[in-house]
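Dear colleague,

I am handing over a structure for you to look at alongside my notes. Please read them with the coordinates open.

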Amino acid sequence: MTLDIDKLRAETPGTGTRIHLNNAGAALMPLPVYDAVKDHLDLELAIGGYEAQARAKAAFERTYDAIAELINCDRSEIALVENATVGWQMAFYGMRFETGDRILTVEAEYAANVIAYLQVAKRTGVKIDFVPSDDSGQMDVAALEKMIDDKVKLISVTHVPTNGGLINPAAEIGKVARKHGIPYLLDACQAVGQIPVDVEEIGCDMLSVTGRKYLRGPRGTGFLYVRKGFMDQLEPPFLDMHGAEWISIDQYEMRDDARRFENWEFNVAAVIGLGVAVDYLLDLGIKETSARLCALAATAREKLAALPAITVQDIGAKKGGIVTFTHAEKSANEIKALLAGKAVNVSVTNLSSTRYDLEKRGLESMVRASFHYYNTEEEIDQLITALEAI
């Protein structure tokens, strides 16, 4: 399928006023997603929240099916949550750790995850080990294999880190996890929607995703995948009457599907919007959209590297749609502000977000330009022209 970029941009009004290169922060919603959210809010306004939810049940339930189709799982393995962090934490804090247990993670692990590891380490005495990167900067799978022992209770990996184009070898990591029977938690917050993600191929037991980034869904949406055969090894860190049923005065019974990791209240309009966003991507084709956005990012890296004042900082054997760079004279925040004045949206990735990796590389902060399939080659040229003028 050939992408009709003019049509896609017409369905993305924000592209008419700005060059949006902050898709790893929050992508621009397409009109069908906006309309779905607005229409449901209008229905709530007219007839009431509960009544609107009952009327929209089919659209709400479609979100589970769309997500299952996208990542190749059963709908019973999907929990809808407020964001990727909530999903990840429901999985991680559902694990049981004891003193001496080990967690293996990547050098470019995201701060929120590492903070959770540190909290559990403080509580239980678990040990956190960072698996070395190979020469390209991705997790060294051979080193991972050598670090396995009977104390390793979790392999937890950020698939696509927040601080650059790196794509960690998730499927190869999954082979090691399966071989040794070790639970595998994948933070796919930046991956799903950016690149094809197949949970069966990867072999992860748990996977967390946000709606607002490469899926182009509303903010305040996300989901957690938990493999059916692994589900009963997790105890949700909290339960309510949605995730479990009160069956007698002193007993409850959890749901038999991943919805045990949900809670009762939903932003129904946003959930419906997420489903529409996933269907929008399915209609376009994830292979096609991923190929385009990755190609745009590769072109941007090449053109940025040709600028004397710019150093492209991306690592990894395989790179995606996130491009990070530094300027010889200006700070990342200064570059962001100067580009904003030219209607170019970028973001800044700081040391505190991926401290282990950036300390190792001697970097304090970088400019992050993250591309989506609706961006254009002309926008790359405008970015380059803007940087040349600084």
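Helices are DSSP runs of H or I with at least four residues, and strands are runs of E with at least two, both numbered from the N terminus; the expected span of a helix is 1.5 Å times one less than its number of residues. This is a predicted model, in which local features need pLDDT of at least 70 and side-chain atom pairs count only at pLDDT 80 or more, while totals for chains, interfaces and linings use all residues. Residues are numbered from 1 along each chain as its sequence is written, and side-chain values use heavy atoms, with hydrogens and water left out.

The protein chain has 14 helices and 15 strands. Helix H14 (residues 377-388) has 12 residues and reaches 17 Å from its first C-alpha to its last, close to the 16 Å expected at 1.5 Å a residue. Within H14, Glu379, Ile380, Leu383, Ile384, Ala386 and Leu387 are buried, meaning under 20% relative accessible area with a 1.4 Å probe, protein chains only. Seen down the axis of H14, the buried residues fall within an arc of 160° (taken from the directions from the helix axis to the C-beta atoms), so they line one face of the helix. Their cover includes helix H11 (286-305) and strand S12 (322-327).

The largest nonpolar core has 57 residues, where such a core is a set of buried Ala, Val, Leu, Ile, Met, Phe, Trp, Tyr and Cys residues joined through side-chain atoms within 4.5 Å. Helix H4 (residues 57-71) gives the most to this core, with seven residues. Apart from it lies another core, of 25 residues, among them Met90 and Leu234.

Best regards

Definitions and conventions. Buried means under 20% relative accessible area, exposed over 50%, partly exposed in between (1.4 Å probe, protein chains only). Contact means heavy atoms within 4.5 Å.
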